[in-house]
Amino acid sequence: MVKQVNLSDVIGSVTADTFLGLDGCADLAELTAPVVVLGVPCATPYLSAGAYCATAPGSIREASWLAAANVPKFDFDLGGELFPDTSMVAVDCGDLAFSEADSAANRASIAATIRAITEKGAVPVIIGGDDSVPIPVIEALGPNRQVSILQLDA
């Protein structure tokens, strides 16, 4: 008989309200971190399914809690601490509000928030959302910016 091992017993886990247990930043005017994690639940809800991805940012954050216990630990791939320079720590700015009835307002809000983040010199990392979320993000970044996109989809 094989003993069932709980992974959190082996590597640890935490419960947090933010992605990877990072500090939160509720006001972009106060932003000083170079990286911002931002939950974007929805841009353009499907007529047939509504905002089916609205809970995605919270689910992604919850899934990150197992790894959150290991953020301050040694990174064997890089041969040092995971965040050796505390000025390189990201913050989680929570989720954007959205309306199932006003897709244009959702896209405008996403674009305005991305512009506010980049005007502070920070890099936005977007979690959650339906397939239409990247469009206003990319538009807000503008045509002359180098962009890296990693989209994970079911």
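L20 is partly exposed, with a relative accessible area of 21%; on this scale, buried means under 20% relative accessible area, exposed over 50%, and partly exposed in between, with a 1.4 Å probe and protein chains only. L20 sits in the loop between α1 (7-11) and β1 (23-24). Although L20 is not a glycine, its phi is positive, at about 55°. The helices named here are DSSP runs of H or I with at least four residues, the strands are runs of E with at least two, and both are numbered from the N terminus.

The model is predicted: local features need pLDDT of at least 70, side-chain atom pairs count only at pLDDT 80 or more, and totals for chains, interfaces and linings use all residues. Residues are numbered from 1 along each chain as its sequence is written, and side-chain values use heavy atoms, with hydrogens and water left out.

The protein chain contains four helices and six strands. Read from the N terminus, these elements follow the order α-β-β-α-β-β-β-α-β-α. Of the 154 residues of the protein chain, 34% count as buried. The chain exposes about 9800 Å², of which carbon and sulfur atoms supply 56%; this area comes from the Shrake-Rupley method with a 1.4 Å probe, and for residues only the protein chains shown count as cover. Contact means heavy atoms within 4.5 Å. Among contacts between residues at least 6 apart in sequence, 78% join residues at least 24 apart.

Four strands make up an open sheet with the order β1-β5-β2-β6 and parallel pairing. Its edge strands are β1 and β6, each of which pairs on one side only. Two strands are taken to pair if DSSP finds at least two bridges between them. In general, strands of a sheet pair through backbone hydrogen bonds, either parallel or antiparallel. Here β1 and β5 (residues 90-95) pair in the parallel sense over two bridges, and D23 stands opposite V91 in β5. Strand β5 also runs parallel to β2, to which it is joined by four bridges; in β5, A90 stands opposite V35.

Strand β2 also holds V36. With 0% relative accessibility, V36 counts as buried. Leaving aside neighbours within four places in sequence, V36 is in contact with L31, V91, C93, I117, A122, V123, P124 and V125. V36 and T118 are 82 residues apart in sequence, yet their C-alpha atoms are 9.5 Å apart in space.

Helix α2 (residues 56-68) lies across β2, β5 and β6, running at about 145° to β5. For such angles, axes are lines fitted to C-alpha atoms, for helices over the stretch in contact, and the values run from 0 to 180 degrees between N-to-C directions. The 13 residues of α2 reach 18 Å from first C-alpha to last, close to the 18 Å expected at 1.5 Å a residue; the expected span is 1.5 Å times one less than the number of residues. The buried residues of α2 are A56, P57, R61, S64, W65 and A68, and what covers them includes β2, β5 and β6. In contrast, A63 in α2 is exposed, with a relative accessible area of 60%. The C-alpha atoms of A63 and F19 are separated by 8.6 Å, although these residues are 44 apart along the chain.

Helix α3 (residues 103-119) has 17 residues, which should span 24 Å at 1.5 Å a residue; its end C-alpha atoms are 24 Å apart, in agreement. The buried residues of α3 are S103, N106, I110, A111, T113, I114, I117 and T118. They lie on the same side of α3 because they cover an arc of only 165° around the axis, the arc being that of the directions from the helix axis to the C-beta atoms. An α-helix has 3.6 residues a turn, so residues three or four places apart point the same way. The buried residues of α3 pack against β2 (35-39), β6 (123-127) and α4 (134-141). Just after α3, G121 takes a positive phi of about 85°.
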